[in-house]
Amino acid sequence: MRKQVRKEVVKTINTLVSHSTYCNKCGKERKSIIEDGGYDRCTDHEIHEFNCSFGYHSNYDGENWNFDLCEDCLKRDYSIV
Ligand SMILES: [Zn+2]
């Protein structure tokens, strides 16, 4: 014979609801709100992530650089067109 005892349990879930990305050049912030289902809704201008891996025999042998730049800084300082 088996007997089950049940009780109501309320669980707390730690979930990401928003995050911010900052331009490494001017400090501008881009806020994102994570909606239900994990959809990332940007509430401000775009900031792009850059990853640079330097190969052997370069001036930065084996280093990895990661940074974020907003579109204003990209256009103003790095536009090639
Ligand atoms: Zn910027």
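What follows is a short chat about the fold, surface and aromatic pairs of a predicted model.

Biologist: How many helices and strands are there in the protein?

Modeller: In this predicted model, the protein has 1 helix and 5 strands, and along the sequence they follow the pattern β-β-β-β-β-α. The radius of gyration is 22 Å, well over the 12 Å that the globule rule gives for 81 residues, so the protein is more spread out than a compact globule.

Biologist: And what box do the C-alpha atoms fill?

Modeller: Taken along the principal axes, the C-alpha atoms fill a box of roughly 75 × 35 × 20 Å.

Biologist: What share of the residues is buried?

Modeller: Buried residues make up 11% of the 81 residues in the protein. As for the accessible surface, it comes to about 7,600 Å², and carbon and sulfur atoms account for 48% of that area.

Biologist: Switching to contacts, what percentage comes from residues 24 or more positions apart?

Modeller: Among the contacts with a separation of 6 or more, 25% are between residues 24 or more positions apart.

Biologist: How many positive and negative side chains are there?

Modeller: There are 12 positive and 14 negative side chains in the protein, and the centres of these two sets lie 14 Å apart.

Biologist: Now the aromatics: how many pairs does a search of the whole structure find?

Modeller: The search finds 4 aromatic pairs, and one of them is formed by phenylalanine 50 and phenylalanine 67, which are stacked with 5.5 Å centre to centre and 15° between the planes.

Biologist: Which strands do those two phenylalanines lie in?

Modeller: Phenylalanine 50 belongs to strand β4 (residues 47-53) and phenylalanine 67 to strand β5 (residues 64-70), so the pair ties together parts that are 17 residues apart in sequence.

Biologist: Are they buried, exposed or partly exposed, then, and what are the values?

Modeller: Phenylalanine 50 is partly exposed, with a relative accessible area of 27%, and phenylalanine 67 is also partly exposed, with a value of 26%.

Biologist: What about the rings of phenylalanine 54 and tyrosine 60, how far apart are their centres?

Modeller: Their centres are 5.1 Å apart and their planes stand at 55°, so this pair is tilted. Phenylalanine 54 has a relative accessible area of 23% and is partly exposed, while tyrosine 60, at 37% relative accessibility, counts as partly exposed as well.

Biologist: Which residues form a cluster with them?

Modeller: Phe54 and Tyr60 form one aromatic cluster together with Trp65.

Technical notes. Residues are numbered from 1 along each chain as its sequence is written. This is a predicted model: local features need pLDDT of at least 70, side-chain atom pairs count only at pLDDT 80 or more; totals for chains, interfaces and linings use all residues. Side-chain values use heavy atoms; hydrogens and water are left out. Helices (H or I, at least four residues) and strands (E, at least two) are DSSP runs, numbered from the N terminus. The radius of gyration is taken over C-alpha atoms; the globule rule is 2.2 Å times the number of residues to the power 0.38. Buried means under 20% relative accessible area, exposed over 50%, partly exposed in between (1.4 Å probe, protein chains only). Contact means heavy atoms within 4.5 Å. Accessible areas come from the Shrake-Rupley method with a 1.4 Å probe; for residues, only the protein chains shown count as cover. Lys and Arg count as positive and Asp and Glu as negative; His and the chain ends are not counted. The place of a charge is taken as NZ of Lys, CZ of Arg, CG of Asp or CD of Glu. Rings of Phe, Tyr and Trp (its six-membered ring) pair if their centres lie within 6.5 Å; planes under 30 degrees apart count as stacked, over 60 as edge-to-face and the rest as tilted.
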